[in-house]
Amino acid sequence: MTAMLDHTVPRRTFLKLAGLGAAGAALNQTMPALNGRKALDLPDYAPVPKSALGPPLNAQGYYVGRVEKNLYWVTDATYQCAFLTTKDGVVLLDAPPTIGNNIQRAIDEVAGVDGVSNKVKYLIYSHHHADHGGASSLFGKNVVRIGHEETRRLLIRDNDPARPAPEEIFQDRRTLNIDGNRIELEWQGSNHSPDNIYIHLPDHDTLMLIDIVNAGWAPVYICNLTEDVQGYMGAPAKALAYPWKHFIGGHLGRLGTRDDVTLHQRYMADIDASVRKTLPTMDPTPYFQKYGENAWAAVKGYLDACSDAAAAPVIEKYTGVLAAADVFTASTTFWVMESLRLDLGLGSWVHP
Ligand SMILES: [Zn+2]
């Protein structure tokens with residue numbers, strides 16, 4: 001906790017989160033502290049439950065730990081990736097830019113102790129997003145990059161030199177066997193993104209599924225910035241259908257368990273149920289009366305009121321259970337409500 005009292009730590013984390021990694025580091029050195037200036041009037045939130053937090057980071061700002069056998073995970077308390085050490089070299093699972101060069105430091109640390117190669121030979125992309133793959137180019141041109149065919153298509157389209165497209169691709173499933181380590185890659189339809197895959201390591205009792213469940217925490221904005229809410233809501237059941245004990249969700253500071261996944265399922269189901277119950281009780285009339293020809297102002301007032309009303313009982317139920325339930329539940333509820341309206345046709349009205 002002492003680190004959190006040092007205001008430079010959260011600021012650097014925020015700048016990294018905001019995609020301002022290098023600029024953030026520079027700003028961090030040049031920006032004066034808030035000394036003498038009026039502090040912003042920022043809201044207070046419920047304390048983070050201790051159970052949501054992971055192990056402390058080292059001086060370089062990362063933690064590396066063994067998941068099982070030769071499978072390790074790395075976190076900077078906000079992002080996570082993982083790697084396998086093998087006789088054929090290291091297999092890296094995602095390369096978040098916030099962890100960046102600490103990925104190789106973590107590998108060096110483990111390889112030094114275990115007496116194995118520290119050379120990354122394979123890099124598996126969970127999905128195409130820059131916040132989980134933006135350190136890919138650090139590992140050079142000769143790494144074998146593996147990913148879903150849609151990940152390749154999107155990375156070629158978006159043309160970010162930090163994320164070279166995978167050359168080794170698959171459609172529905174592919175099993176890799178690298179020095180006797182089985183890695184089962186499976187695509188089961190869109191969820192958080194159109195290309196997000198299930199990475200199952202049966203010999204290590206582990207499932208890696210990124211940006212669906214944040215162990216111990218509520219999802220960030222709009223269901224973890226999800227493109228397909230119905231796919232997102234269905235993903236935890238698909239995850240639980242695999243046999244595993246350890247869950248790598250890609251975010252925050254600790255690994256997950258099966259209980260974390262079922263708790264997340266209950267949270268999302270409660271949001272869904274609350275929207276279905278609340279929506280029919282809400283009357284849009286006052287918003288249209290108030291805003292007249294400004295249709296968008298009326299729509300915003302009405303839909304914000306609906307999502308706030310539907311979120312309220314869920315926030316109350318999960319505060320102290322899931323960290324930041326009071327921070328992001330309203331946003332996620334709005335997104336679930338829109339999916340119920342637009343994907344499932346809830347409350348759809350046909351002009352007579
Ligand atoms: Zn993502």
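Predicted model: local features only at pLDDT ≥ 70, side-chain atom pairs only at ≥ 80, totals over all residues.
Residues are numbered from 1 along each chain as its sequence is written, and side-chain values rest on heavy atoms, with hydrogens and water left out.

Helices (H or I, at least four residues) and strands (E, at least two residues) are DSSP runs numbered from the N terminus. Two strands are taken to pair if DSSP finds at least two bridges between them. An open sheet is formed by 7 strands in the order β1-β2-β3-β4-β5-β6-β7, with mixed pairing. From one strand to the next, the twist averages 20 degrees. Axes here are lines fitted to C-alpha atoms, for helices over the stretch in contact, and angles run from 0 to 180 degrees between N-to-C directions. Strand β6 (residues 144–148) runs parallel to β7 and is joined to β7 by 3 bridges, with G147 standing opposite I169 of β7.

Helix α4 (residues 102–114) packs against β1, β2 (71–75), β3 (80–86), β4 (89–93) and β5 (120–124), and its direction makes about 35 degrees with that of β3. Helix α6 (residues 149–158) touches β6 and β7, its direction making about 105 degrees with that of β6.

A further open sheet, also of mixed pairing, comprises 5 strands in the order β8-β9-β10-β11-β12. Here β8 (173–178) and β12 (246–248) stand at the edges, each with a single partner strand, and therefore one side of each lacks a neighbour in the sheet. Neighbouring strands are turned by 20 degrees against each other on average, direction ignored. Antiparallel pairing over 6 bridges links β8 to strand β9 (residues 181–186), and R173 has E186 of β9 as its bridge partner. These two strands form a hairpin with 2 residues between them, in which the turn residue D179 has a positive phi of about 50 degrees.

Helix α9 (residues 258–278) packs with two other helices. Its axis and that of α12 (residues 325–342) come within 9 Å and cross at roughly 60 degrees. This crossing is right-handed, a term that applies when the near helix is turned clockwise from the far one by less than a right angle, anticlockwise being left-handed. Y267, M268, I271, D272, V275 and R276 of α9 meet T329, T332, T333, V336, M337 and L340 of α12. The contact has 7 nonpolar, 3 polar and 2 charged residues, where Ala, Val, Leu, Ile, Met, Phe, Trp, Tyr, Cys and Pro count as nonpolar, Asp, Glu, Lys and Arg as charged, and the others, Gly among them, as polar.

The axes of α9 and α11 (residues 295–318) come within 9 Å and cross at roughly 145 degrees, in a right-handed sense. Contributors from α9 include L263, R266 and D270, and those from α11 include C306, P313 and K317. By class, this contact has 10 nonpolar, 2 polar and 3 charged residues.

At R258, the charged end sits over the ring of W244, 4.7 Å from its centre (the criterion being NZ of Lys or CZ of Arg within 6 Å of the ring centre and within 35 degrees of the ring normal).

Technical notes
Contact = heavy atoms within 4.5 Å.
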